[in-house]
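This briefing covers helix packing, helix geometry and backbone exceptions in the structure shown below. Please read it with the sequence and the coordinates open.

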Amino acid sequence: MTSPVLALPSAGADRPRNLVRTGVLLGASSATMFFGGLLAAYLHLRRTIVPWPPEDLSIDQYFGNMMVLTMLLGIVPVEWACYALRRGLVRQAMSGLAVTIGLGLAFLNLLSYVAGHVEFDAASHPYGLVLTALVMLLGLAVGVGVAMLTLTLIRTAGRQQGPSDAEQARVTACWWHFTVGASIAVWYAVVVLK
Amino acid sequence: MTEAPPQEPGATIAPPRPSTIFATSDHKRLGLAFLGGALAFLLVGGVVGMVLRAELVNEGVQFAGGNYRRLFGLHATVSTLLVIAPAWIGLATHVVPLQTGAGRVAFPRLTAFALWTFLLGGALTLVAYLVGPPAGFGLASATPIAGTPGGSLDEATTLMIAGVAMVAAATLLASLNLVVTILTLRAPGMTLRRVPMFSWASLLTGLVTLLATPVFLAGLTLLYLDQRFGGTLFAGGGGGQAIWQHTLWLFGRPEIYLLLLPGLGAACDIVATHAGRPLLSQDAARAALTWFAFLSLGAWAAGQGVVDALVLPTYSPLTALVAVPVGLVVLVCLGTLAKGRPQLHVSLLFVGGFVLLAGFGALHAAIAGVVGVDGEAWATGHLHTVAFGPALLLLAAALYHWAPKLFGRALSEAMGRLCFLALLGGFLLMGLGSYLAGYDGAPAGLSDFPFTGNGTTYGGLAALGAALIVVAVVALGADVVRAAAQAGFNRAADDPYGGLTLEWATSSPPPPHSFDVVPEVRSATPLLDLRRAAAADQVTGAGRD
């Protein structure tokens with residue numbers, strides 16, 4: 001039997017594709033499950049191990065609060081960048097992206113400072129192990145976000161995206177919002193609930 | 001881009017050079033490489049399983065020496081992670097873009113990355129068992145690998161954690177790619193209700209994988225850090241036992257179901273194609289597959305009553321409900337065959353074998369429910385009879401069915417029948433031997449134990465079954481290798497079965513760009529619509545004449 005392909009009516013033009021956005025949304029869902037697994041482990045250990053956190057450990061609320069505030073502040077400029085890009089305001093879009101990158105770097109700087117000054121090691125107590133995992137992976141997620149923002153900034157500066165093609169900026173914003181959500185969840189578990 | 005192959009069946013075309021696989025982003029070649037890797041791992045797992053079974057034929061230690069636990073862990077890890085799930089991913093990577101009219105995957109380089117990550121991770125897992133027994137019992141036990149106080153990290157354990165993590169990550173990335181492909185790149189007119197059943201099952205499998213696998217990766221991260229820093233979380237009393245169980249369950253229990261889910265979708269497409277008509281109820285089959293996927297996630301919540309049943313939540317009422325969607329799919333398939341004009345193809349034999357084997361497992365589940373079972377050997381038999389056996393039969397069915405698209409030529413019918421008989425007979429015998437040993441109270445995972453009653457007879461039955469399975473795997477592998485090696489010769493017809501879905505609308509094998517013309521879809525069986533329209537035109541034309 002020969003192929004009927006030539007007899008098939010040809011389809012119309014390609015419909016709009018949201019490949020990257022769908023992929024990043026699904027990836028963020030998976031990453032949410034990943035952080036969910038780690039946070040569930042943290043909460044389970046918190047319930048079963050006494051004392052929790054270790055008695056000789058003091059958690060500096062100031063740094064924790066500053067980190068989550070830094071991340072929250074990033075929501076506004078990244079949305080501003082998307083808004084500006086949709087309207088062809090390239091300079092404003094670049095400003096928004098640059099401010100968000102700065103806030104991301106500030107967060108990473110703060111995270112590395114806190115990680116370098118903790119008074120325990122990962123092996124000393126299960127608390128140390130789970131916290132190390134959470135901090136490492138949160139830092140990784142924010143680092144990926146900063147890399148995506150930088151790439152978007154470069155492409156915007158090179159006029160490779162504009163009002164008709166702002167998908168990358170939207171995708172970057174989606175990932176950034178995910179990292180903000182993850183940092184809030186980690187902050188709530190570690191700083192508020194302890 | 002190379003030229004499209006000639007349209008005439010039986011023609012000879014030049015296959016692409018094997019070395020170009022390292023640079024390709026063609027979903028068809030990447031899918032085949034996934035399949036090839038999975039079949040190679042299947043051979044390894046099958047041979048190790050045969051050694052394990054042969055060890056239990058007689059009292060005393062004959063073959064495995066002091067390595068029985070290592071081999072057991074290797075067999076369980078390879079069979080669970082490296083064989084059936086990656087094989088389905090490979091098949092889906094090849095077939096789904098053709099079935100949905102996408103003609104490509106959403107992120108081709110991501111597929112290539114997933115392939116090489118899978119192969120490297122699988123190799124690392126094997127090497128881990130070669131350089132030394134990894135701590136713990138691999139994926140064969142709900143007991144985690146214990147951290148070593150002081151931080152001495154042995155190479156085998158590190159390699160195994162790294163290998164398993166890489167395979168899980170590769171599965172995740174490939175699934176993400178498939179889901180995005182199905183959601184965004186379908187041919188115009190192909191609504192989600194018109195997506196062919198194999199693609200629908202692949203979509204569901206991908207979605208469950210996207211939700212379940214990251215949790216397992218989180219558990220592996222904790223396990224690695226515990227090992228790396230010499231922590232005590234998983235050393236017992238550290239609270240890590242429950243964390244490992246749940247992170248492993250949330251991955252492992254759906255995983256066992258997901259081995260079968262794409263196969264059920266493939267069975268629907270195979271039956272409909274060879275019956276020459278649409279499924280009796282597309283919506284019922286689609287709902288059954290969706291219900292099956294939902295239950296696979298629910299299997300995680302089986303509770304403490306099945307704490308040792310790593311991937312076999314047999315005793316939970318929620319998970320027992322899985323029989324309902326499977327039964328519904330089987331009824332839809334039987335009804336389709338009854339209403340259609342089936343052409344007997346070897347792939348239908350495999351589908352029939354799946355029904356027989358699953359029925360055999362269900363029968364023993366019912367018997368166990370009535371008489372009660374003490375022996376863990378029963379669970380081993382059940383795992384092979386209801387999970388691995390049916391999945392492998394359906395995988396073979398899919399390979400024989402889609403061979404013209406995969407390799408450009410059909411697989412051998414005679415080898416197919418041999419493979420079918422050996423595979424079905426092997427799993428039946430192995431299941432029977434294990435079930436009977438289980439009813440006698442035999443344990444599992446031990447190289448030797450005091451044989452009572454007919455223990456050696458049961459062990460012999462199971463070992464014979466394992467040997468038959470290896471014969472089937474070798475036959476299947478040889479047939480696939482022959483077809484792949486001779487892919488350029490004696491090309492199959494583009495649509496050898498009178499297919500219903502879009503993959504049969506392109507040449508065999510498909511050109512690198514998959515479709516010359518992106519077809520428009522108006523129902524779940526676009527090629528059938530086309531034939532009906534052509535027949536109606538002929539009648540109208542004859543009337544005019």
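What covers the buried residues of H3(B)? Helices of chain B do part of this: the cover includes H1 (27-55), H2 and H4. The model is predicted. Chain B has 15 helices and 0 strands, and 59% of its 545 residues count as buried.

**Chain B overall**

- Among contacts in chain B with a separation of 6 or more, 85% are between residues 24 or more positions apart.

- H3(B) runs over residues 108-131, and its 24 residues should span 34 Å at 1.5 Å a residue. The end C-alpha atoms are 35 Å apart, so the helix agrees with that expectation.
- The buried residues of H3(B) include B:Thr111, B:Ala112, B:Ala114 and B:Leu115. Further along H3(B), B:Gly121, B:Gly122, B:Thr125, B:Ala128 and B:Tyr129 are also among the buried residues.
- H4(B), one of the helices covering H3(B), takes in residues 155-184. From first C-alpha to last, H4(B) reaches 43 Å, close to the 44 Å expected for its 30 residues at 1.5 Å a residue.
- H4(B) is mostly covered, with 24 of its 30 residues buried.
- H11(B) spans residues 346-371, and its end C-alpha atoms are 38 Å apart, in agreement with the 38 Å that its 26 residues should span at 1.5 Å a residue.
- Just after H11(B) comes B:Gly372, which has a positive phi of about 80 degrees.

**Helix pairs in chain B**

- Two packed helices are described by the angle between their axes and the distance between the axes.
- H12(B) (residues 376-407) and H13(B) (residues 413-439) pack with their axes 7 Å apart, at an angle of about 170 degrees. Because angles over 145 degrees count as roughly antiparallel, H12(B) is roughly antiparallel to H13(B).
- On the H12(B) side the contact includes B:Ala377, B:Trp378, B:His384, B:Leu392, B:Leu393 and B:Tyr400. On the H13(B) side, the residues met include B:Cys419, B:Leu423, B:Leu424, B:Phe427, B:Met430 and B:Tyr435.
- By class, the contact of H12(B) with H13(B) has 14 nonpolar, 9 polar and no charged residues.
- H2(B) (residues 68-99) and H5(B) (residues 197-229) have axes that come within 9 Å and cross at roughly 125 degrees. That angle makes H2(B) oblique to H5(B).
- The crossing of H2(B) and H5(B) is left-handed. H2(B) contributes B:Ala92, B:Val95, B:Val96 and B:Gln99 to the contact, and H5(B) contributes B:Phe198, B:Ser199 and B:Ser202.
- The contact of H2(B) with H5(B) has 4 nonpolar, 3 polar and no charged residues by class.

**Backbone exceptions**

- Most residues other than glycine have a negative phi, and most peptide bonds are trans.
- The peptide bond from B:Ser508 to B:Pro509 is cis, with omega near -10 degrees. B:Pro509 lies in the loop between H14 (455-485) and H15 (526-544) of chain B.
- B:Ser514 is found in the loop between H14 and H15 of chain B. B:Ser514 is not a glycine, yet has a positive phi of about 75 degrees.
- B:Ser514 is buried, because 21 other C-beta atoms lie within 10 Å.
- A:Arg159, also not a glycine, has a positive phi of about 60 degrees. A:Arg159 lies in the loop between H5 (126-157) and H6 (167-193) of chain A.
- With 8 other C-beta atoms within 10 Å, A:Arg159 is exposed.

**Two positions in chain A**

- A:Thr70 is found in H2 of chain A (residues 61-73). A:Thr70 counts as buried, because there are 22 C-beta neighbours inside 10 Å.
- Not counting residues up to four places away in sequence, A:Thr70 touches A:Leu103, A:Ala106, A:Phe107 and A:Leu110.
- A:Gln92 is 22 residues from A:Thr70 in sequence, and their C-alpha atoms are 21 Å apart in space.
- Is A:Tyr113 buried or exposed? A:Tyr113 has 11 other C-beta atoms within 10 Å and is therefore exposed.
- A:Tyr113 lies in H4 of chain A (residues 90-116).

Note on methods. Residues are numbered from 1 along each chain as its sequence is written. Chains are lettered from A and ligands numbered from 1 in the order in which they are written. This is a predicted model: local features need pLDDT of at least 70, side-chain atom pairs count only at pLDDT 80 or more; totals for chains, interfaces and linings use all residues. Helices (H or I, at least four residues) and strands (E, at least two) are DSSP runs, numbered from the N terminus. A residue is buried if 20 or more other C-beta atoms lie within 10 Å of its own, exposed if 12 or fewer, and partly exposed in between; C-beta atoms are placed from the backbone. Two residues are in contact if their C-beta atoms, placed from the backbone, lie within 7 Å. Axes are lines fitted to C-alpha atoms, for helices over the stretch in contact, and angles run from 0 to 180 degrees between N-to-C directions. Angles under 35 degrees count as roughly parallel, over 145 as roughly antiparallel, 65 to 115 as roughly perpendicular and the rest as oblique. Ala, Val, Leu, Ile, Met, Phe, Trp, Tyr, Cys and Pro count as nonpolar, Asp, Glu, Lys and Arg as charged, and the others, Gly among them, as polar. A crossing is left-handed if the near helix is turned anticlockwise from the far one by less than a right angle, and right-handed if clockwise. The expected span of a helix is 1.5 Å times one less than its number of residues.
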